[in-house]
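Have the sequence and the 3D view open as you read.

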Amino acid sequence: MKIVAICGAGIGTSGILKVNAERVLGRLGIEATVVATDLDSLHAEADDAQVILTSPEFVEAIGTTYADVIVVENFFDTDELSRKLDAALG
């Protein structure tokens with residue numbers, strides 16, 4: 001399973017989402033590869049992704065995708081991320 005975390009530059013917010021998603025997935029017992037990327041590289045990275053993690057401002061820019069788009073309000077809240085990932089993958 002592949003999860004892609006995106007933000008504008010691919011190094012800040014997406015990096016935080018990647019690290020926290022890996023922690024949450026470990027607690028949930030779900031194996032997945034989590035990739036952090038920027039919005040411009042999204043389609044190259046997300047063609048085979050099951051989930052895209054992002055903040056509200058990038059949702060419209062994602063466009064058409066087969067992946068579940070999870071909007072994360074607080075990147076440091078692993079409880080929020082856990083609830084949303086569990087709902088999408090559980």
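The largest nonpolar core has 14 residues, and those with the most contacts inside it are Ile 3, Leu 53, Val 72, Leu 81 and Leu 85. A nonpolar core here is a set of buried Ala, Val, Leu, Ile, Met, Phe, Trp, Tyr and Cys residues joined through side-chain atoms within 4.5 Å. Buried means under 20% relative accessible area, exposed means over 50%, and partly exposed is in between (1.4 Å probe, protein chains only). Strand S1 (2–7), helix H1 (13–28), strand S3 (51–54) and helix H4 (78–89) are the elements that give two or more residues to this core. H1 provides the largest share, four residues. There's also a second, separate core of 11 residues, which includes Leu 42, Ala 49, Ile 52 and Ile 62. In soluble globular proteins, nonpolar side chains tend to be buried together.

Before going on, a word on where this comes from. This is a predicted model, in which local features need pLDDT of at least 70, side-chain atom pairs count only at pLDDT 80 or more, and totals for chains, interfaces and linings use all residues. Residues are numbered from 1 along each chain as its sequence is written, and side-chain values use heavy atoms, with hydrogens and water left out.

Now for the overall plan. The protein chain has four helices and four strands, arranged along the sequence as β-α-β-α-β-α-β-α. Helices (H or I, at least four residues) and strands (E, at least two) are DSSP runs, numbered from the N terminus. The C-alpha trace spans about 30 × 25 × 20 Å along its principal axes. What radius of gyration does the protein chain have? The value is 11 Å, which agrees with the figure near 12 Å that a compact globule of 90 residues would have. That radius is taken over C-alpha atoms, and the globule rule is 2.2 Å times the number of residues to the power 0.38.

Of the 90 residues, 41% are buried. Contact means heavy atoms within 4.5 Å, and among contacts with a separation of 6 or more, 56% join residues 24 or more positions apart.

Let's zoom in on a few residues. Ile 3, one of the core residues named above, touches Leu 25, Ala 32, Thr 33, Val 34, Val 35, Val 51, Leu 53, Leu 85 and Leu 89, leaving out residues up to four places away in sequence.

Val 35 sits in strand S2 (residues 33–38). Is Val 35 buried or exposed? Val 35 counts as buried because its relative accessible area is 18%. Beyond its neighbours within four places in sequence, Val 35 is in contact with Lys 2, Ile 3, Val 4, Ala 5 and Glu 45.

Val 72 is in the loop between strand S4 (68–71) and H4, and with 1% relative accessibility this residue is buried. Its contacts, not counting residues up to four places away, are Leu 17, Leu 53, Thr 54, Ser 55, Pro 56, Glu 80, Leu 81 and Lys 84.

Lys 84 is partly exposed, since its relative accessible area is 28%. Apart from residues up to four places away, Lys 84 touches Ile 70, Val 71, Val 72 and Glu 73.

Finally, Gly 90 lies in the segment after H4 and counts as exposed because its relative accessibility is 80%.

| Pair | Apart in sequence | C-alpha to C-alpha |
|---|---|---|
| Val 35 and Asp 86 | 51 residues | 18 Å |
| Lys 84 and Ile 70 | 14 residues | 6.9 Å |
| Gly 90 and Leu 28 | 62 residues | 8.8 Å |
| Val 72 and Thr 54 | 18 residues | 6.0 Å |
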